[in-house]
Amino acid sequence: MVEAQQQRGGGRLTTDIIARIAKEDFNATYTPKGIYGLLDRIGMSHISIAWASEG
């Protein structure tokens, strides 16, 4: 996800983008709504993803 942010020049990744990354990298299919549950289970949020590229 950090790599995707760097390619975008920073900013938040949308759930659509994260779902695409999950599919491309892990062959896992998530709806954008399901991404919120995934992020919660791994201890992240859509906000913490944004901070990763700012630090």
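These are my notebook entries on what I looked up in this structure, which is a predicted model.

**Entry 1, the core.** I began with the largest nonpolar core and found that it has 9 residues, namely Ala-4, Leu-13, Ile-17, Ile-18, Ala-19, Ile-21, Ile-35, Leu-38 and Leu-39. I then asked which elements give two or more residues to this core, and these turned out to be α2, running over 15-26, and α3, running over 32-41. The largest share of the core, 4 residues, comes from α2.

I wanted to know how exposed Lys-33 of helix α3 is. Its relative accessible area is 70%, and because exposed means over 50%, I put Lys-33 down as exposed. I also looked up the separation between Lys-33 and Thr-15, which are 18 residues apart along the chain, and their C-alpha atoms are separated by 7.4 Å.

At what angle do α2 and α3 pack? I noted an angle of about 75°, with the axes of the two helices 8 Å apart. Since angles of 65 to 115 degrees count as roughly perpendicular, α2 and α3 are therefore roughly perpendicular to each other. I then listed the residues that meet, and these are Thr-15, Asp-16, Ile-18 and Ala-19 in α2, with Pro-32, Ile-35, Tyr-36 and Leu-39 on the side of α3. Going back to my first entry, I see that Ile-18, Ala-19, Ile-35 and Leu-39 are also listed among the residues of the largest nonpolar core.

Side chains of opposite charge can pair when their charged atoms come close. Looking for such pairs, I found that the structure holds 1 salt bridge. Arg-20 forms a salt bridge with Glu-24, and the closest N and O atoms are 3.4 Å apart. Both Arg-20 and Glu-24 lie in helix α2, where they are 4 residues apart, about one turn of the helix.

Technical notes: Residues numbered from 1 in each chain as written. Predicted model: local features only at pLDDT ≥ 70, side-chain atom pairs only at ≥ 80, totals over all residues. Heavy atoms only, no water. Core = buried A, V, L, I, M, F, W, Y, C linked by side-chain atoms within 4.5 Å. Buried < 20%, exposed > 50% of the residue type's maximum accessible area, 1.4 Å probe, protein only. Salt bridge = Lys/Arg side-chain N within 4 Å of Asp/Glu carboxyl O. Axes fitted to C-alpha atoms, helices over the stretch in contact; angles between N-to-C directions. Parallel < 35°, antiparallel > 145°, perpendicular 65-115°, else oblique. Contact = heavy atoms within 4.5 Å.
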